[in-house]
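User: I'm new to this one, could you walk me through it?
Analyst: Gladly; here it is, and we can start with the overall make-up.
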Amino acid sequence: MANSVNISIEAPIENQIQEITYDGQEIYQAPLSMSENLARLAQKIDFSKADDDYCNIKKEGESSTDVKSEEDKDPGYQSSLWPWDSVRNKLRNALTEVSVLADVLSIAKEKRYMVLDPIQAEQPESRPMVQVYGRKKALSAAGAVLLNGVERLRASETMRMTRNMPDFHIDLLRLRQNWRLKKVSNTIVGDLSYRTAGSKFSQTGVFEVTKAPEDQIAQAMSLNASGPAPSALRVTVPPELQGVAFISVLCQKEQEDVVTATISSSAINCPGTLFGDGADLHWQQKLEAAQNVLFCKELFARLAAEAVQLDASIPHMVVGNQIMATVLPGIQLLIGLCHNNRQNTNGNTDNVKTEGATSNKNEHDHVLEHSLHQLLRAVHHANTHHPFPHPATGPLGPSKRRSLAGPMAADRYELLEMSKEQSLLEQIIQQAQHFFMRRRSEYVLDTIAKEVKDPLIVSHWNALNSPTQSCVKINIMANGYDAVCRTSLVVAVGEKTLKCICRDGKVRHLSYELQELRDLIYCQVYQHQMTAVQAVARCMGWQLLASSSHLGSGPVEPLGNASSCLLASPYGDRMIAIRCEPSVGIQVFIAQSPKKDFYVSELVQDKKWEYLGGAFKEVKLEKMEGKNFLNKMELLMACLSSTS
């Protein structure tokens, strides 16, 4: 209403007002205690009504007026002043009755004072012969039913044995051992879909089982007398699941096929071809082929839906029954669905040749083929196996980590990381990327091992790898000097990047370009040579005067950095300078003091101070004896260490 008035509602006064003083102050009565409140409530109970109700239960013929007259005649009747008097009297009466009942039970149970004899009931008149005749008649009726069935089965088996016909019930029993069947009205239908495994594909896989006509079975037996007996049942699958279907995965680099993978049924001789007429094909092969068609259709439908929904840097394309995705620059992943359900006049299916068909010259990746099966099976398993709720009263579905996101105060970034899930297409692309990264790494390592003869480069690939992660350990060593110095580094091959852990503990992240890995390996090779020379010098007694892994003098190296070291002989009269450049190679220079004689003076007492100066001369390593660089340096140090 427009002219509304606010009304204040106050709580009623709990305690009564005892006194109001002259100044208007109200004095309330103190609240009653629990005992006083109980007594006040007990006074309100009318116990006389309960007494009247109890007194009204009397024997027959005694009226209420007689009871009132007796109460009037009783001069000693007085009303009780205590409010609980009637309650006490009733409890006392109840105690008396219970005591009497307990005494009766003890007498009847212990049998000390009284024995209760049971009353013998009259036994009904028994007629055993009537029961015998009734049971005999029932058994004869049941036996007649069983004998009738046995005769029918015996006649059917005799007819089948004489005609050598396959048994429909035996074939049906074998069919039930491998496939789900149920009877609907007068027909037998089965299900070959993956719904019980967790599939949510809309297309049904219902097939019908019927008994084959005897004339067709006899005709098939006459045509193929030496072969196996034909089946007595026929399986009818939907038209959309007939024929042959397979999924081909092809990786192309500059219109050249690199690697392939194909999902096809094991019961089919080759992808795209199904030999024999559909009626002559065994029911097991026919159902396996239909189930493979359903599996391929579900997998391709899911991949096509994900390809359209994914937001990639280079958009994925879905054209007809083919999905095109970019794995790496210049490399494409083609996923195609090939389905053939057409038959020619001879009863054989026509061969289907598509871009996804396998070729003998291409490399078949069995890991990728296994992953195509495994990824869809994992989706089916996740649809039916949800994580248990934490706590047990929580909702079903979120993982334990997401359930603890609130108590653990997870931020927005962590919540987004929890909600991220990789699709099937993303996982397939990642596996294809890792496959190419692994092949590129193998090619680079093998090429460098062929080009560089000294030192030796040995690669050890880890046998236990994941579909998107591999690891290789690279050992750089010289023949005969592996105990003196060995350089090891580990390369973790990922999807688009390489992670290299060097000997000094430094971690270097590389991209998918081959040149970066090649540069790193060459730098490690020449660093190994410098480290190995210093180790050999220490064994020969030579002194290390200077060493630098990033030499600033000389021209700028296009690959890596130049490194050098300066060694002095044990007597200090000769020096060796080693310069290592990745583009040029290893250069060795030697120098010696120009003075041959030494005369002690008052200022110069030590002989080493006279070994100063001298020009460096380059040593031609290719003309020296020795099987490798370290062997030549060992011989050179041994020659320069002599005093002659």
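User: How many helices and strands does the chain have?
Analyst: Keeping in mind that this is a predicted model, the secondary structure of the chain consists of 14 helices and 22 strands.

User: And what share of the residues is buried?
Analyst: The chain has 644 residues, of which 32% are buried. As for the surface, the chain exposes about 43600 Å², with carbon and sulfur atoms supplying 54% of that area.

User: Switching topic, at what angle do H8 and H9 pack?
Analyst: Helix H8, covering residues 283–309, packs against helix H9, covering residues 366–384, at an angle of about 80 degrees, and their axes lie 11 Å apart. An angle from 65 to 115 degrees counts as roughly perpendicular, which means that H8 is roughly perpendicular to H9.

User: Which residues make that contact?
Analyst: On the H8 side they are Phe295, Glu298, Leu299 and Arg302, while H9 brings in Leu372, His373, Leu376, Arg377, Val379 and His380.

User: What about the largest nonpolar core, which residues touch the most other members?
Analyst: That core holds 45 residues, and the ones touching the most other members are Ile474, Ile521, Val533, Ile576, Ile578, Met633 and Met637. Several elements each supply at least two residues of the core, among them helix H12 (424–451), strand E14 (470–477), strand E20 (574–581) and helix H14 (629–640).

User: Which helix gives the most to this core?
Analyst: That is H13, which contributes eleven residues to the core.

Technical notes:
Residues numbered from 1 in each chain as written. Predicted model: local features only at pLDDT ≥ 70, side-chain atom pairs only at ≥ 80, totals over all residues. Heavy atoms only, no water. Helix = DSSP H or I, 4+ residues; strand = E, 2+ residues; numbered from the N terminus. Buried < 20%, exposed > 50% of the residue type's maximum accessible area, 1.4 Å probe, protein only. Areas by Shrake-Rupley, 256 points an atom, 1.4 Å probe, with all protein chains shown as cover. Axes fitted to C-alpha atoms, helices over the stretch in contact; angles between N-to-C directions. Parallel < 35°, antiparallel > 145°, perpendicular 65-115°, else oblique. Contact = heavy atoms within 4.5 Å. Core = buried A, V, L, I, M, F, W, Y, C linked by side-chain atoms within 4.5 Å.
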